[in-house]
Amino acid sequence: MMSLILGFKSAWLGLMGNKVRAFLTMLGVIIGVCSVITLVSVATGARQQMMMHMESMGTNVIQVYSQGWNVRFTLDDLKELEERVPTIKAAIPNVENWTYMRWRNHGENFGYSGTTEKYLVVTDSKLARGRFLTEGDVLHRRRVAVVGDQVVEVLFKGTNPMGQNINIQGQNFLVVGVMERKGKEYAIGPDSNVFIPVTSAMRLMATNQIHGLSIKANSAEDTRVATVHLKRIFQKKYGHPDAVGIHSQQEWLQQVEEMNRIMTLVMGAIASISLLVGGIGIMNIMLVSVTERTREIGIKKSLGAMNHHILIQFLVESVIISGVGGVIGIILGFGGANLVGMLGPETAVSLTSVIVSFGFAVGVGVIFGVWPAMKAASMKPVEALQRE
Amino acid sequence: MIKLENITKTYKNDKLSVEVLKGISLDIEDGEMVAIMGPSGSGKSTLMNIIGCLDVPTSGIYLLSNQEIQKKSSRQLAIIRNRELGFIFQKYNLIPQLTAEENVEMPLIYRGMATRERIKRTREALDRVGLSHRIKHRPAELSGGEQQRVAIARALAAEPRVLLADEPTGNLDTKTGEEIMAVFQELNDQCMTLVLVTHDGDIAQHCKRLIRIQDGIIIGDSKVESRIKARGVLAELNLAKAVVS
């Protein structure tokens with residue numbers, strides 16, 4: 001124990017005697033750890049963003065979309081599916097557009113969704129005020145709207161939008177409800193959206209075609225059953241397995257996870273190279289340090305230091321370099337992640353990247369410190385003493 | 001105590017083979033104060049390194065306290081250096097970053113001694129060389145004589161059976177050298193065995209026995225007649241102490 005403290009002290013004194021050199025040696029590790037954390041934070045941030053988007057779509061939801069072959073859905077198709085597939089709870093059409101909207105003299109671009117009264121059920125959304133669209137609204141193609149939280153804030157400047165008219169492409173829609181806030185700060189997504197009856201939306205877009213559906217299954221288990229069932233129905237109907245794309249949320253999640261895993265690995269690998277280079281730098285300096293302190297090693301051996309005393313001293317020195325470098329790297333990594341986050345992509349520092357990169361850095365210190373330390377420890381006392 | 005039988009040492013490299021020691025036989029008893037004298041290149045330092053277990057002989061038998069040194073592992077030799085031998089070098093060989101106290105306690109740390117005992121012994125050793133007031137000083141803040149006394153304290157703290165000094169006064173002026181010799185003589189009076197290597201006849205005259213070595217063989221081994229009694233600051237210091245008490 002005492003010999004470890006002594007080793008630590010000797011190592012510390014050795015480093016303090018060469019502060020600039022110690023810092024420059026650390027730099028390799030600092031840059032390595034910092035870049036691992038920063039790069040991985042980009043990947044993690046992207047993943048979180050995706051997850052939030054996924055969640056906003058509701059759980060146990062199957063997305064059905066046309067992949068060409070002149071596949072178009074109708075509202076009657078929805079009813080038919082709900083009746084034929086017992087594992088389905090509800091189905092809604094996905095009719096979406098992005099356009100300029102006005103309230104009084106304010107104007108802004110927002111998305112609008114043509115949907116039905118089942119939207120709340122399918123996407124697990126909640127209403128904050130008023131009412132949602134009704135079956136009657138859809139049937140009678142009423143010009144009513146339910147607005148997202150961001151719309152209230154940006155377009156209505158916080159005034160109560162209930163009973164106000166929102167102008168979409170020249171048509172006035174009466175606001176009958178406000179959605180509860182869902183995400184954080186969404187530029188796009190349900191919070192910046194206006195929900196209108198699907199029939200009204202299709203008229204606005206001058207179309208009678210629906211390109212996609214969101215279908216909610218009864219449970220996670222039913223999602224799988226329903227997916228298979230739906231695939232069979234559509235293949236029969238259109239005569240081609242690829243005519244309609246059917247993806248459950250779980251499948252999406254798996255893909256997102258897989259993509260993210262690869263992204264994290266690639267970024268981690270790139271950053272690890274700089275850690276490795278940092279390690280070689282440590283080894284280089286440690287060899288110099290051992291040579292410089294040959295005489296000190298000789299003195300210690302003459303006083304009865306055993307090989308492990310010397311070994312520990314130099315090993316501790318290289319681990320201090322890599323460990324302190326790792327800590328500085330972590331701090332800078334947090335800074336780097338925030339900086340990148342301010343510049344554009346969403347970033348989130350993952351605890352795993354911090355732990356792994358720090359562990360890797362210390363490991364590099366040990367691995368690249370072993371050889372110089374062994375070289376020091378195995379010196380013959382008389383030869384070490386004679387060195388000037 | 002120390003018994004050398006026909007010790008040889010040959011240094012070899014690719015082309016050259018130099019026999020530095022050509023058969024040294026020697027007995028040193030407990031409580032002796034021996035000077036090994038010889039011109040440079042005579043092999044006296046090599047002999048000292050072998051006695052000090054820093055180097056191993058090419059052939060011959062070396063018994064230290066009845067242990068056959070050539071049969072010891074490097075680990076066992078480290079233990080012997082730590083417990084039985086105290087070294088004093090010409091260039092003091094203190095660790096510059098450490099204070100006097102920290103330098104002195106080093107061999108005790110290697111021994112794994114508990115903190116309290118270690119500090120006590122360290123202070124005692126520094127006290128014995130008259131440096132109690134300098135324990136927190138670093139080597140650079142001390143004079144040459146003081147540095148050598150720290151080195152002696154370091155050797156003493158380990159309570160070795162024998163002190164080995166290689167040109168201990170070589171870097172010091174005559175007066176300071178005299179002080180160091182006074183310390184040695186006092187230690188010897190307290191029954192410490194001392195072996196000194198020197199090329200200075202005056203220094204050798206402070207010892208009890210003089211071994212002359214030349215070209216790797218012993219050419220003379222005699223008792224020192226008319227031994228010089230060194231009077232150093234320390235002796236006066238101790239004298240003053242004695243008067244006070």
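Predicted model: local features only at pLDDT ≥ 70, side-chain atom pairs only at ≥ 80, totals over all residues.

A: Happy to! Strand β1 (residues 2-12) of chain B pairs with strand β2 (residues 17-28) of chain B in the antiparallel sense, over nine bridges. Strands here are DSSP runs of E with at least two residues, helices are runs of H or I with at least four, and both are numbered from the N terminus. Two strands pair if DSSP finds at least two bridges between them.

Q: New topic: why is helix α3 of chain B described as largely enclosed?
A: Nine of the 12 residues of α3(B), residues 100-111, are buried, so the rest of the structure largely encloses this helix. A residue is buried if 20 or more other C-beta atoms, placed from the backbone, lie within 10 Å of its own; 12 or fewer make it exposed, and in between it is partly exposed. Among the buried ones are Asn103(B), Glu105(B) and Tyr110(B). Just after α3(B), Gly112(B) takes a positive phi of about 80°.

Q: How many residues are in the largest nonpolar core?
A: It has 123, and those touching the most other members are Val33(A), Val34(B), Ala35(B), Ile36(B), Ala153(B) and Leu194(B). Helix α2 (residues 19-56) of chain A gives the most to this core, with 12 residues. A nonpolar core is a set of buried Ala, Val, Leu, Ile, Met, Phe, Trp, Tyr and Cys residues joined through C-beta atoms within 7 Å.

Q: What does Leu194(B) touch?
A: Leaving out residues up to four places away in sequence, its contacts include Leu163(B), Phe184(B) and Leu187(B). Contact means that the C-beta atoms, placed from the backbone, lie within 7 Å.

Q: How is chain A divided?
A: Into domain 1 (2-52 + 255-386) and domain 2 (68-242), with bounds from an automatic or database domain assignment. Their centres are 54 Å apart, taken over C-alpha atoms.

Q: Why is chain A said to be more spread out than a compact globule?
A: Its radius of gyration is 32 Å, well over the 21 Å that the globule rule gives for 388 residues, so chain A is more spread out than a compact globule. That radius is taken over C-alpha atoms, and the rule is 2.2 Å times the number of residues to the power 0.38. The chain has 13 helices and 10 strands.

Q: Is Gln313(A) buried or exposed?
A: Gln313(A) is buried, with 27 other C-beta atoms within 10 Å. This residue lies in helix α11 (residues 307-343) of chain A. Trp12(A) is 301 residues from Gln313(A) in sequence, yet their C-alpha atoms are 9.1 Å apart in space.

Q: Last one: how many residues does each chain bring to the contact?
A: Chain A brings 17 residues and chain B brings 18 residues.

Technical notes: Residues numbered from 1 in each chain as written. Chains lettered and ligands numbered in written order. Contact = placed C-beta atoms within 7 Å.
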